[in-house]
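Me: I have a structure to go through with you. Shall we take it question by question?

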Amino acid sequence: MPLGAAPLDDVADRLAAILAGPSGVVADGDDGDLIIDGDLTPRLLTPAATPASEVWAIDGGQALVRDARCLQVYVVRAGRCCFVDRVATVEDEGELRAHLVGTGQRGIELARVDGGLHLPANTAVDINLLRERVEWDGIERTLGEASPGALVLVDGDLRPDPRLPLAWVTELLADATDRGITVVGVTKHTSLSRGGAPLIGQLEREADVSLGARSRWWAPIGHSDARSQVPFTVVAARLDPDAAYSFRLDIAIGVDPEVAIAQVACVSDDAAFPGYPYPLTVADRLAACPPWLREEAWMTLEEQLRMAGIPGDVLHRAFDDRHRSMERAS
Amino acid sequence: MTSSTHTRGRLYGKNVLEGTFRAAPDDDLFLGELLVAIDEATGRRYLFRVVDVTYGHEHREPGWAERVAGTLLGDDVRDTPGAHPLYEQERRTYRVADCRCLGYLTPDGQVFRKPKSLPTQFSRVVSPEAADLAFLERSMGDMHVGVLRTGETTVNVPVGISGDALAKHIGVFATTGMGKSNLMMVLAAAAMQANGRYGLLIIDPHGEYRTELARHPWAERRLRTYSSVKAPGTSALRVSLGEMTSDDLRTATGDTSRAQTEALFELERFYASQYPGISWLLPFSQLDDLVGFRDVDLGRSVALSTLQVLHRRARRICNLDAISADGDVSVASAIERDLREGKVVLIDASGLDSTEELLVASFLTRRVLEAWQQAFLDDRDAHAGMPTVAVVLEEAQRVLSKAADADVNVFPRVAREGRKFKVGLVAVTQQPKLVDPELLSQFNTFFILGLADERDRNILKGSAKQDLSSLNTEIQTLMPGECLLAGVDTPFAVPATIHLWRDALRAAVPPPEPRPVAAANVAAMLD
């Protein structure tokens, strides 16, 4: 069957139509069951007079060490940090966990990540699950260590991978709220949209007009459907007058969103990244799995495989990056 | 010095000759600072000199630092300083010091060797301990002029030269106000205190040293001042026209036109057979009928205007109190004797103009060179016992330029041959670029006190006996009284702060009292 034409002009026309005006249905492409009931009206945000006694941040990191297509070696970890009075008191890169994913490995890997969650035996194991699991493990440990009154920041939304037990995460967040701990997820780049156009960008423009270009603001967007999801409230917020961007914030249910955002704003004043919570940048750095780490992991593996009698050429045939080799060849 | 236990940084990059280390963002690193990298693996202690300091930060994004600065600046503009703190600045930002590796101390701390190996990466960098710099004292000679400087801090390690280095020629390079007069006085004091081992003949065109040097406790025994103007405590400077040669005259008038040079030849040809030296200047200066002299005696071979210029100059020279036609009143012999006794001879030439000053300087230099040369030829042992002497000449580029380098000029001769006879030059100049590079290469010791002109710095780089290639910025940023001492005897270009003259005076220990002469034991003789 012949393909129809797909010129750039056509894409430009459609994009222009989408981006032209703030109208249409609000939706979240990644979270279909998000209930949009906020008024979407930006309102002034005042940072809390004093920051939370402890500000924790958690982020997950991952790296594909080697890929044989039918088999992949991954490393994942969750970086955590804690700031008290703007000073880091905890910096934890997290245990580097190695996983072999692929044909015939699901059972073993599932057992390794289960940790008492009783994951169904048919649960698919991929890097998303591995990363989410280690992240939520980091969140669980953090909530165990955090003091009442603490603010716990999570990189991304508070919607766990659907393979993780909803009840476990819900209970985690509910316990935290009960103990006076505020959990907030911060999403840098969200799929929230209005009329198909990025919602946050539209709100930024509206706030510029209604509140001024250098205003801090927040706008209620909606909440998760507690029947099928972890309960949390979703807002958009610009956390600093110099912020280049606004973000989606997910706030665990039971916490006053305005109070929570005001606390987040308190730690979003770093001169290098105004408007983004600084502890999250530290957690990101701690969790990152840079290329050298990837290579170090592979060298360790390689050494052990050689000691196990696996010839070098077998390894090369299995794990050589053929795409890259062919690119070099061209 | 701060304690060596305090880590200043960690070495992480570069090569055998250079090092780069990371320091805390608030570490106040200075250009020229000396630091030690401790190689725990080998026990060696590598000595580094900071040649540049730059900012560094952990962030990989392009423009990170500019963005932070922009945010902070925005806060300032809005009068809300502090609105955006930089979290964990001490971790996220740092300083990077580029260093030149000067060498390393062997594990026993006894030998300092040139760099030929890399210290272990990430070696700890600390401030030097006294023991790290003790080796320097062995190469700092017996004429101390200052103390070691590391950055802006001085260290109690004396800096100076060996008196023998005087014969290997010394260049003092500085722009106005950088402290060269102070250095010369301190050097003169060191020569006096050497108690006869070294002599200095200082030609002082401005008369700036006379009063000060006379205050030194060793001056009474070791300083003789000859002045072209009447001044207390000085002897009258009198040299004889008959002693001076036409070469001295040509050296002094080196900047004359070709016509004047040829006219001088004509005059010499006319007078030479009747008058010794340049004493013919006297009858020439007394001529009334210059036109007739030119037409008749010189056969109109010289333009009248040229002759008139030379006539005026001759009259001025002959009218000077310092110049005499009478050979008996010359102090040249006394000056030579003073120098043979290892004294500092100060020639206060403040009453002379530049040509006359050079005339006297050329004559005295020639006299000293020939005397020491003759002694060398006559009796090597006796010559070996003679003090090393050096002629100190200000604005030395006048006689050491390529244009001035002629057979008649005694100063290039001293630069090339003087070492063998223990006669050296101390050439002081603001413009080393005007000195003949070939002559400059004869100078084994440089005192560099700050030069603003890049061409001056470049010419020194090419001639110094130590590598100055990475010290451009440091030379540019030298403060008055700070210098780099680079010589064949120094292990590297040594940063120093020259003693202030008033401090040197205060600290000078007076010479020991002469031993009383024991009364003759006549009774013993009778017995």
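Me: Which residue just after helix 5 of chain A takes a positive phi?
Reply: Keep in mind that this is a predicted model. Look just past the end of helix 5 of chain A. Phi there is about 105°, and the residue is Gly212(A).

Me: Why does the distance between the end C-alpha atoms of helix 5 of chain A agree with its 13 residues?
Reply: Helix 5 of chain A covers residues 199–211. At 1.5 Å a residue, the helix should span 18 Å. That agrees with the distance between its end C-alpha atoms, which is 17 Å.

Me: Which residues in helix 5 of chain A are buried?
Reply: A residue counts as buried if 20 or more other C-beta atoms lie within 10 Å of its own. In helix 5 of chain A, that picks out Leu199(A), Ile200(A), Gln202(A), Leu203(A), Glu204(A) and Ala207(A).

Me: Which strands of chain A do the buried residues of helix 5 pack against?
Reply: Start with strand 1 (26–28) of chain A, which is one of the partners. Strand 9 (192–194) and strand 10 (197–198) of chain A also take part. The list goes on with strand 11 (217–223), strand 12 (232–238) and strand 13 (247–252) of chain A.

Me: Which element of chain A gives the most to the side of domain 1 that touches domain 2?
Reply: Eight residues of domain 1 of chain A are in contact with seven residues of domain 2. Strand 3 (55–67) and strand 4 (71–84) of chain A each give two or more residues to the domain 1 side. The most, three residues, come from strand 3 of chain A.

Me: Why is chain A as compact as a globular protein of its length?
Reply: Chain A has 10 helices and 13 strands. For 330 residues, the globule rule gives 20 Å. Chain A is as compact as a globular protein of that length because its radius of gyration is close to that value, at 22 Å.

Me: What percentage of the residues in chain B are buried?
Reply: Chain B has 21 helices and 21 strands. Its C-alpha trace spans about 95 × 85 × 45 Å along its principal axes. Of its 527 residues, the buried ones make up 47%.

Me: How many residues of chain B are in contact with chain A?
Reply: On the chain A side, nine residues take part. The chain B side has seven nonpolar, three polar and two charged residues. The number of chain B residues in contact with chain A is 12.

Me: Which element of chain B has the lowest mean pLDDT?
Reply: Chain B has a mean pLDDT of 91, and 98% of its residues reach 70 or more. Among its elements, strand 7 (residues 124–126) has the highest mean, 97. Where pLDDT is low, the predicted coordinates should not be read in detail. The lowest mean, 65, belongs to residues 522–526 of chain B, helix 21.

Key
Residues numbered from 1 in each chain as written. Chains lettered and ligands numbered in written order. Predicted model: local features only at pLDDT ≥ 70, side-chain atom pairs only at ≥ 80, totals over all residues. Contact = placed C-beta atoms within 7 Å. Nonpolar A, V, L, I, M, F, W, Y, C, P; charged D, E, K, R; others polar. Helix = DSSP H or I, 4+ residues; strand = E, 2+ residues; numbered from the N terminus. Expected span 1.5 Å × (residues − 1). Buried ≥ 20, exposed ≤ 12 C-beta atoms within 10 Å, placed from the backbone. pLDDT = per-residue confidence, 0-100. Rg over C-alpha atoms; globule rule 2.2 N^0.38 Å.
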